[in-house]
Amino acid sequence: MVSVVTAPPAVQPGRDAKRRKASGDRAGPLLHALLVVVLAASVFPLYFSFVVASKDNSVLGEAVPPLTPGGNLIENITRVFDTVDFSLAMMNSLIVASTVAISNVLLGALAGFAFARLRFRGRNSLFLLVVGTSMVPAQLGVIPLYMLMSDLDWYGTLQAVIVPALIGAFSVFWMRQACEESVPYELIEAARVDGCSVLRTFWHVALPAVRPQAAVMGMFTFMTAWNDFFWPLIVLDPNDSPTVQVALSALASGYYTDYSLMLAGASLAVLPVVAIFILLSRQIVGGIMRGALKG
Amino acid sequence: MSKSLAGRAATAVVAVLAVSSAAACGGGASGADSGKVKLSIGVFSDFGYDTLVKEYQAAHPTIEIEQRKVKMEQHHTQLATQLAGGRGAADIVAIEEGNVAQFRQSKDKFVNLADYGAKDLAGQWTPWKWNQGTADDGNFVLGLGTDMGSLALCYRRDLFEAAGLPVDREEVGKLWPTWQDYVATAQTFTDKTPNVKFVDTALNVYKAILDQAEEGYFAKADDSYIADKNTKVSDGFKLAAVLGEKKQTGAVAPFSQEWNVALKQASFATTTCPAWALALIKAGAGDEAAGKWDVAAAPGAGGNWGGSFLAVPKQGAHPKEAYELAKWLTAPEQQKRIFKETGNLPSEPVAYKDPEVTATVNDFFNKAPVGQIFAASAESLQPTYRGTKDSKVTPVFSNALARVEQGKQSTSDAFAQALKEAQDVAK
Amino acid sequence: MTTGHHQRSGASAPLRSTSGRENRSWALTRFDNRYTPYLVIAPFFVVFGIFGLYPLLYTAWVSLHDWQLIDGDQGFTGLDNYAKLLGDANFWNALGNTLSLFVLSTVPQLLAALGLAAVLDRGLRGRLFWRAGVLLPNVISVAAVALVFAQLYGRDFGVVNHLLGLVGIDPVDWHAETWASHLAISSMVMWRWTGYNALIYLAAMQSVPKDMHEAAVLDGASRWRSFWSITVPSIRPTILFTVITSTIGGMQLFVEPQLFDPGGTATGTGGSDRQFQTLVMYLYEKGFRLFDAGYSATIAWVLFLVVLVVAGVNFTVARRIASQG
């Protein structure tokens, strides 16, 4: 008979959960077909950008949109690098996005751990405050923020883009969730009893336990920071130290947009994000596999 | 295992912070070459400065120039933010004529170029262009004029031929001495070829009519709101709306992607075109349309759409050097060269009357003598007065006309609504 | 990740003797217990305090004045801006549009994300590939997105109208009609964010023990039933989380409708009749185009309050739904 492990839904033992059996849970061909359709819809605009980037601007006026790649890709990419300092922009975006991602993961995990597993006065109201802060629309404080940046003399520097984003409510939210799911009280008690301070407990117990969620969040944060456009456009100098999105807007300058040029840049801009995704995805999948082996 | 992830993460953070601070220090340091004056020019679209800037740098070894190009809408929004924040504006900024009135209100944030002797340059430009760039009765020089729009009417020869209309540009010009004639021609065209639209959008027609009037929404004398009383506004609106109601327009937003597609597919036959629009039409229509488009005189007289000024924000570190550069870039000789390269029409008589300019023909537009056509239009130019709140009122009427084009409202309803909204905004 | 097995069980440790040195270390532990939590959550509040709260309060201050963007403070006006806002037809229009777009884009999107996550949770070949794939819409630069959807929803030459024509339906003016524009924009939002939310759900699902699910299936429950009765309630916190974040994002919708607007940020008002202008678009128009910073700040604050209310409502509703079945 099958023995049913009756874990109540509210407590998830996390990584040692039994995973799918070898058979019986494979997705059928119908579902695979559905996934293919979804994937095609997701990928199409990227493919389309690539096609336009490999031709020239005039193809966009055709009645039937272009669907096959042309031969201008190298030329357009070269033009991208000639028009703006694209490699600098990529480097800057990389610095910004990585710093923001790592910082959010660490600080978010710290705060999330505190809200989830530590007991202190005002914990609930403080957390509610965190939730409240996330409802503030981003565009709200642009002018005062800009003036603050000029007072600090940070206009045109990467700090202006990095520092306000070092930790966000989303991260605290998410990591608190993760700690609730994956960090059991017993573990913490044990560590405390062993003499670990709060911080050491966090470092050695909580953080490893939430690695997959941290990886997911790190990746999302990286992506959001990479794609951020509105604020960097205001506070960064397109000719000095732009991020990729700002540089792309410089490519699109003018009354009319040279789409093939800009989309060549846009196609390039996607690559690092995909790379990071692949890099981090192992963490997510790897965590599952380890649990499965235990089963 | 846990240590390795955390350890690696920590190392990464430190490394990244180190690099970023290095980048910030290195990237932001414009003083890398000490002693060199670094000037930045904020422009949109193609001002034709690329070669000129290189030349100026060669002639002035202590000066380094960089251009910042952004999309026009972002440019002006950014400028407003930079002026508000007191930092970040380029040393020289371009301001389009439609936005000059509004930035004139913040002239205290700009250098009065008269302090550097700009008033002596007044004679270089046509009086109306010069005046557009000044305030306080000419005592405050806000910006030096770059190009001007002038106005003509571009049309497709093959579509006109199919509709039995004349094709030669002189003849075509004779078809429409007034805008009423233009609307009548639209009817003739549509009767013969009902599947093709006559004009890209009624908005351009309306804009051209207003641009030719001395006053539009605001009075020249005291900047008071007169849109509800000015017959030019109501007549112009209603005339353009006729085209919209009869579905003789393509109802596409000018210079948008849809407009490009419509150009390529040859779905409309005419459009109002200032000098700088020729390049855009060519880009949109593609090479296969070479020789099919042509340029004729516009209905009515004169009219100016576009053109910009170079201004110097006060927050810059080198106002004098900036002024000198702006002065040079807007000098007649340079304006001539810019025209040859980009087709931007010079705003100085010495330049646009120059035989080199008037002899220029545009191959794409069936070898039209664009230098002549636009210069002639410039001479008879009576620029319309743009009130300080013009940029707030214009979208109201544009939207109203668009609603008529889209069949959402009748002309009278749309106009009434526009008047009401404009009243609110102009307060 | 392993849990508990090679750590001590929860039995309490033997009492320590209270020598002087250990008194100190015990005091340190007490200190650590009491104050470190605050230390640890401090970075968030510091960053937010400087870069979130200060601008927020400053904006509130601005909303009480007649404040022009470039020219600055023109005088204290108290709650005049707010009164004007309540009587502003464009504001109510924007609010209505925002709510409509929010419902149209968020509800189907989260449901689709849930479904997609369920499918992705199954045994699939090339897991990495599928996951990277569904996340791509979020990674592509906005300019490319604008272009593709302009091609899709063009009135005369758009792909969608072309397809509709094949089945005999007249071309739809996607930008001009209110309902059409809302549908089109919702499709843009769905396209961009479904994969993102699906991956969030997937991450949550993968920490759920499969045993109950499998047991239920073996006991004869359909996949569908067991999904709704077991899987969904077990990822309830995550669902609630996405409901809140989607609400916040949905109410603050700006990028997608702005891209859909041919006038862009320069002249766009969300269509000739403001048929798809959202609150943030209106905020942007008033603040950065018409330079009325005071009024813009007012809109921002009212938006903030609206978001609070709607998020609260959604949270309550979703909590009830996610624990049923």
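In the predicted model examined here, 111 residues of chain A are in contact with 97 residues of chain C, contact being defined as heavy atoms within 4.5 Å. The analysis of this predicted model requires pLDDT of at least 70 for local features and 80 or more for side-chain atom pairs, whereas totals for chains, interfaces and linings use all residues. Residues are numbered from 1 along each chain as its sequence is written, chains are lettered from A in the order in which they are written, and side-chain values use heavy atoms, with hydrogens and water left out.

The area buried between chain A and chain C, that is, the accessible area (1.4 Å probe) that the two parts lose on being put together, summed over both, is about 9,500 Å², and carbon and sulfur atoms give 73% of it. Between chain A and chain C, three residue pairs are in polar contact, both residues being at pLDDT 80 or more; a polar contact is a pair of N or O atoms within 3.5 Å, of which, within protein, one must be able to donate a hydrogen and the other to accept it, and residues adjacent in sequence count only if both atoms are side-chain atoms. The largest share of the side of chain A that touches chain C comes from helix 13 (residues 259-294) of chain A, with 16 residues. That side of chain A divides into 79 nonpolar, 19 polar and 13 charged residues, where Ala, Val, Leu, Ile, Met, Phe, Trp, Tyr, Cys and Pro count as nonpolar, Asp, Glu, Lys and Arg as charged, and the others, Gly among them, as polar.

Chain A itself has 13 helices and zero strands, these being DSSP runs numbered from the N terminus (helices H or I, at least four residues; strands E, at least two). Of the 295 residues of chain A, 59% count as buried, meaning under 20% relative accessible area (1.4 Å probe, protein chains only). Among contacts in chain A between residues at least 6 apart in sequence, 73% join residues at least 24 apart.

For chain B, 27 residues are in contact with 23 residues of chain C, and the area buried between chain B and chain C is about 2,300 Å², of which carbon and sulfur atoms give 56%. Eight residue pairs are in polar contact between chain B and chain C, both at pLDDT 80 or more. Helix 3 of chain B gives the most to the side of chain B that touches chain C, with six residues, and the residues of that side divide into 10 nonpolar, 11 polar and six charged.

Terms used: Buried means under 20% relative accessible area, exposed over 50%, partly exposed in between (1.4 Å probe, protein chains only).
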